[in-house]
Amino acid sequence: MSTAAGSGPGWRRLHPRTVLVTALVTAGVAVGAAVPVTVALSGPLGYAAAVGWALTGAALLIGCAAAGDYVRWRRTRYRAGAERVDLHTGLLLVKRRSLARERIRSVDLTARPLLRILGLVTVRIGTGENTGGDSTLTLDPVARAEGERLRRDLLDRVVPGSAAAHRDGELATLDPRWIRYAPVSFAAPLLGGAAAGGVMQISDWVGAQDEVIRWIADRFQGTPLVWTIAVLAAAALAAGVIGALGLWIEMWWNYRLEREPGGTLRVRRGLFTSRSLSVEERRLRGVDLVEPLGVRLAGAARVDAITTGLTKDEERSADHNTLLPAVPRALADAIAAEVLREPAAPTGAPLTAHPRAARGRRLRRALAVALAPVLVQVLLGVLLTPVLLWTALGCAVVLLPLAVALALDAYRSLGHTLSGGYLVTRSGSVRRSTAALQRSGVIGWTVKQSLFQRRAGLLSVTATTAAGGGAYTAHDTDASEGLAFAADAVPGLLEPFLERG
Amino acid sequence: MTTGEGTIRLRPPRNAPDRRAVGWWRVQWLLLTAAPVAVLGVLGGLIAPARFWLLTPAAVIAGIGLLCAVLFPLWWFRTHRWEVTDEAVYVSTGVLLREWRIAPMSRIQTVDTVRGPLEQLFGLATVTVTTASAKGAVEIEGLTHEAAAELAERLTRITQDTPGDAT
């Protein structure tokens with residue numbers, strides 16, 4: 001069935017409005033490109049000719065894109081059969097992708113604003129495969145109702161023996177007060193920097209960069225340089241905070257975490273771009289309680305899912321497996337327990353602290369990192385100019401206490417334990433992560449010991465898993481205790497290879 | 001199985017790599033050293049004014065490389081060990097950074113045997129065992145061709161007999 005690919009019963013096409021979507025998107029790009037081109041051409045050609053050329057070019061571009069997408073639409077068929085889901089596409093050579101239904105682990109619906117206005121969604125169907133690129137199948141786009149139907153059909157399986165103690169339905173909905181944690185996230189300074197950079201970039205495009213700089217210089221005439229920098233930084237930070245609030249609203253508006261019958265967790269959220277993430281519970285291997293520094297200082301935490309079967313780039317994008325935005329710590333634990341169907345969250349269990357030698361290692365490492373720039377400046381200062389000696393002093397005064405504080409905090413964060421069916425490891429200071437991994441989800445161990453660790457009687461125990469980051473490590477545990485922890489976590493696996501006494 | 005009743009250690013796996021692995025590791029070190037030394041040496045020969053600044057590092061790299069080529073293979077030969085039981089594959093490697101890897105049979109997904117050009121020369125092969133984790137691969141280096149084939153066959157047989165979907 002090479003030419004008649006997918007003309008039998010059950011085969012469906014994508015939604016024909018995809019051509020319109022492509023035309024509109026291309027039109028947007030064309031307008032964006034046409035404006036500077038028109039401006040550039042109007043010099044040598046005159047205004048009317050420039051507009052004419054730009055319009056012709058834009059029309060050609062839009063026409064080609066729409067025609068291309070029409071052909072793609074004509075040639076694309078999909079079928080959700082009894083055993084497999086197939087997608088046939090391709091212009092010259094037909095590309096076939098086929099997923100076994102029983103291996104499908106996630107069905108995500110996303111709708112960018114344009115798709116949303118037109119009543120369409122993009123459906124991404126994923127399997128549990130971690131290797132190889134053929135593990136997802138994307139239908140871009142189908143009607144929203146069709147997307148919902150596919151999601152229900154493909155994930156609707158009866159899970160026997162699911163604990164009745166934990167409720168179906170809604171587990172969490174958005175509490176607008178959570179927005180107070182948005183400004184303390186790392187997004188705020190980043191967005192502030194981006195805003196400042198954006199102002200300079202745009203003024204550069206319109207050729208007004210010098211004027212902007214002069215305008216700012218005029219405002220601060222007579223003000224000491226330190227104050228100028230402080231005020232500008234504060235302005236950038238304020239812009240960043242506003243940006244972070246806006247971003248939070250866009251990302252988390254309409255947030256709902258639900259458990260659907262059949263054992264699927266579903267996250268829905270988004271103001272302009274609506275996102276829907278469905279995770280089959282039998283694919284869930286645990287949760288990761290993530291506390292970035294600012295959020296942790298505010299007493300909050302975020303909950304990520306540790307699941308198998310998200311594709312590689314999905315794992316990389318941080319918000320894709322987030323089940324719960326930053327919320328008060330106690331609530332995060334409660335929701336984590338609800339998600340895992342446990343009476344109490346394993347992430348809240350008391351942890352075994354690591355030996356003091358681990359603190360020494362963290363202090364030494366932090367001091368080395370902090371002292372490196374100081375030493376370089378001292379060296380250059382001695383050789384070249386004494387000014388660098390003063391900047392070195394300044395660096396030392398700022399960096400050393402910071403490094404020591406972070407190192408001590410990183411040591412305090414270290415911990416591991418076994419809590420019920422879960423193995424819990426915690427580490428990190430700037431981004432503290434408390435991962436609770438199902439013991440049955442551990443598919444191997446890696447034990448590492450450097451020369452320094454051996455002398456200090458420490459080692460690092462890593463549980464490898466098919467889910468999430470692939471490995472969760474208890475760093476710098478006591479050598480004996482760490483091995484005992486690993487041996488207890490998965491009975492029988494490590495035991496034959498241990499010597500006691 | 002509580003903590004604090006004496007020390008617990010990982011015992012070394014039972015099997016050593018083939019003796020020829022020492023030669024193979026040595027040649028790898030020499031090739032690794034030869035590449036930058038050759039580049040620096042040729043440049044030093046061509047660019048007379050910078051000769052000292054090119055040939056000195058070349059000599060230093062060559063010295064370090066030779067030392068590594070002599071010492072590391074001997075150390076590795078003493079620390080690289082592997083073992084396959086009915087339940088798990090167990091491998092230990094490394095001198096300065098020691099590493100022990102354990103993969104249970106029930107979670108093994110693929111068994112690959114690789115013979116690189118250098119390994120061919122020494123009659124050696126590497127067996128790589130992967131699990132569903134992106135970070136859980138276990139490599140057994142320095143096996144003879146026969147031992148590698150036999151091991152791969154045995155691993156495949158055991159994993160086929162073990163039920164489960166390996167995640």
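In this predicted model, the axes of helix α11 (residues 356-383) of chain A and helix α12 (residues 387-413) of chain A approach to within 9 Å and cross at roughly 170°. Angles over 145 degrees count as roughly antiparallel, and α11(A) and α12(A) are therefore roughly antiparallel to each other. The residues that make up the contact of α11(A) with α12(A) comprise 23 nonpolar, three polar and two charged.

One residue of this helix pair may be considered individually. Arg412(A) belongs to helix α12 of chain A. Because Arg412(A) has 15 C-beta neighbours inside 10 Å, it counts as partly exposed. Although Arg412(A) and His354(A) are 58 residues apart in sequence, their C-alpha atoms are 8.5 Å apart in space.

The view may now be widened to chain A as a whole. Its secondary structure amounts to 14 helices and 20 strands. The C-alpha trace of chain A extends over about 80 × 75 × 45 Å along its principal axes. Chain A has 501 residues, of which 35% count as buried. When contacts in chain A between residues at least 6 apart in sequence are considered, 58% of them join residues at least 24 apart. The domain assignment of chain A lists domain 1 (18-155), domain 2 (187-251) and domain 3 (357-412). The centres of domain 1 of chain A and domain 3 of chain A, taken over C-alpha atoms, are separated by 51 Å.

Strand β1 (residues 77-80) of chain A and strand β2 (residues 84-89) of chain A run antiparallel and are joined by four bridges. A hairpin of three residues connects β1(A) to β2(A). Within this pairing, Ala80(A) has Val85(A) in β2(A) as its bridge partner.

An open sheet of six strands is also found in chain A, with antiparallel pairing in the order β13-β12-β11-β16-β15-β14. Its edge strands are β13 (322-328) and β14 (415-419) of chain A, each of which pairs on one side only. From one strand to the next, the twist averages 15°. Within the sheet, strand β11 (residues 284-292) of chain A and strand β16 (residues 431-438) of chain A run antiparallel and are linked by seven bridges. In that pairing, Pro292(A) stands opposite Arg431(A) of β16(A). Helix α10 (residues 329-340) of chain A packs on this sheet, where it touches β11, β12 (300-307) and β13 of chain A. The direction of α10(A) makes about 150° with that of β13(A).

Attention now turns to the contact between the two chains. Chain A contributes 31 residues to this contact and chain B contributes 28 residues. On the side of chain B that touches chain A, β1 (8-10), β3 (88-93) and β4 (97-104) of chain B each supply at least two residues. Of the elements of chain B, β4(B) gives the most to this side, with eight residues. By residue class, the side of chain B that touches chain A divides into 13 nonpolar, eight polar and seven charged.

Another pairing between the chains involves strand β20 (residues 498-500) of chain A, which is joined to β1(B) by three bridges and runs antiparallel to it. Leu498(A) stands opposite Leu10(B) in β1(B).

Val22(B) is located in helix α1 (residues 20-46) of chain B. Because 17 C-beta neighbours lie inside 10 Å, Val22(B) counts as partly exposed. Beyond its neighbours within four places in sequence, Val22(B) is in contact with Pro73(B), Leu74(B) and Phe77(B). Val22(B) and Phe77(B) are 55 residues apart in sequence, with a C-alpha to C-alpha separation of 6.5 Å.

How values were computed. Residues numbered from 1 in each chain as written. Chains lettered and ligands numbered in written order. Predicted model: local features only at pLDDT ≥ 70, side-chain atom pairs only at ≥ 80, totals over all residues. Contact = placed C-beta atoms within 7 Å. Nonpolar A, V, L, I, M, F, W, Y, C, P; charged D, E, K, R; others polar. Pairing = 2+ DSSP bridges. Buried ≥ 20, exposed ≤ 12 C-beta atoms within 10 Å, placed from the backbone. Domains from an automatic or database assignment. Axes fitted to C-alpha atoms, helices over the stretch in contact; angles between N-to-C directions. Parallel < 35°, antiparallel > 145°, perpendicular 65-115°, else oblique.
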